[in-house]
Amino acid sequence: MAETLGPTESIGPTAAMDRRVLRRQMLADDVYEAIKTMLMDHVIRPGARISIDGLAREFQVSSTPVREALARLESEGLAVKEPLKGYRATPLLTLEEFDDLYRFRLLLEPWAARRAAELISPEGRARLEAELANAVEPTSIDYAGYKSLTAHDNRFHSLIASLSGSEQVRQAFERTHCHLHIFRLHYNRDIGPEVLTEHRVLVEAITSGDPTAAEAAMTHHIENSMTLRLRRIYE
């Protein structure tokens with residue numbers, strides 16, 4: 001008969017190590033989310049120096065999870081590491097950078113939507129419809145209120161890029177981290193329903209296998225984001 005461990009017996013060094021690794025990962029994720037929120041809400045001002053020791057004291061942790069979080073945020077373009085100086089918060093997009101980002105999106109994403117409609121499968125339809133069903137409207141005008149919509153927006157556009165059948169297109173889109181930078185520019189609670197309405201139009205066009213309608217819907221969606229919802233910030 002196999003022996004079982006009693007309530008006070010050791011679970012073994014491997015299991016104990018696994019639990020320590022899990023706790024450390026949970027801590028690192030919490031610190032990452034906290035610093036990310038500070039950057040998105042401009043608690044850490046764009047362009048400002050980021051104090052690793054100061055954040056470690058504030059969160060009552062060692063410097064290790066703070067450094068790990070900043071490395072992740074650097075990969076997303078929200079922090080910049082300067083040689084011999086440490087980290088700074090990435091400045092907000094300039095008007096020129098903003099226009100370049102949207103020119104890039106207009107080259108890439110309408111094509112991806114057209115191809116997704118041409119190649120759509122039952123699995124692709126199910127994935128798009130499930131993502132749309134999981135979308136949540138903003139609950140406040142800070143990052144906490146917009147976090148779910150930001151994550152949905154990124155997953156939604158990444159999924160369409162993936163459904164285009166081009167891994168290069170998907171990777172090129174994801175490397176921009178455009179949704180983080182766009183939402184960091186400005187929160188407007190009123191745009192949530194408008195964005196989700198445009199997403200529904202996109203899903204209908206792609207899932208019905210209409211390439212022309214899908215391309216037009218994506219072009220309309222991106223142009224609205226650029227001209228009606230965001231570019232006036234620079235005026």
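Author: Let's start with a term: a crossing is left-handed if the near helix is turned anticlockwise from the far one by less than a right angle, and right-handed if clockwise. Keep in mind that what you have here is a predicted model.

With that in hand, take helix 4 and helix 8. Their crossing is left-handed. The two axes come within 12 Å and cross at roughly 140°, with helix 8 covering residues 178-185. Angles over 145 degrees would count as roughly antiparallel, and this pair is therefore oblique instead. On the helix 4 side, the contact is made by Phe 98, Leu 101, Tyr 102 and Arg 105, and they meet Cys 178, His 179, Ile 182 and Leu 185 of helix 8. Sorted by class, that contact has six nonpolar residues, one polar and one charged.

Now stay on helix 4, which spans residues 95-119, and look at its other partner here, helix 6 (residues 143-163). These axes come within 7 Å and cross at roughly 60°, which makes helix 4 oblique to helix 6. This crossing, too, is left-handed. Helix 4 brings Arg 105, Glu 109, Ala 112, Ala 113, Arg 115, Ala 116 and Leu 119 to the contact, while helix 6 answers with His 157, Ile 160, Ala 161 and Leu 163. That group divides into seven nonpolar residues, one polar and three charged. Arg 105 is worth a click: it belongs to the contact with helix 6 and also to the contact with helix 8.

Where does this sit in the whole protein? There are ten helices and three strands, and along the sequence they follow the pattern α-β-α-α-β-β-α-α-α-α-α-α-α. The strands form an open sheet in the order 1-3-2, with antiparallel pairing. Strand 1 (49-50) and strand 2 (79-82) stand at the edges with a single partner strand each, so one side of each has no neighbour in the sheet. Strand 3 (residues 86-89) runs antiparallel to strand 1, and two bridges join them.

Buried residues make up 41% of the 235 residues. And of the contacts between residues at least 6 apart in sequence, 76% join residues at least 24 apart.

Conventions:
Residues are numbered from 1 along each chain as its sequence is written. This is a predicted model: local features need pLDDT of at least 70, side-chain atom pairs count only at pLDDT 80 or more; totals for chains, interfaces and linings use all residues. Side-chain values use heavy atoms; hydrogens and water are left out. Axes are lines fitted to C-alpha atoms, for helices over the stretch in contact, and angles run from 0 to 180 degrees between N-to-C directions. Helices (H or I, at least four residues) and strands (E, at least two) are DSSP runs, numbered from the N terminus. Angles under 35 degrees count as roughly parallel, over 145 as roughly antiparallel, 65 to 115 as roughly perpendicular and the rest as oblique. Contact means heavy atoms within 4.5 Å. Ala, Val, Leu, Ile, Met, Phe, Trp, Tyr, Cys and Pro count as nonpolar, Asp, Glu, Lys and Arg as charged, and the others, Gly among them, as polar. Two strands pair if DSSP finds at least two bridges between them. Buried means under 20% relative accessible area, exposed over 50%, partly exposed in between (1.4 Å probe, protein chains only).
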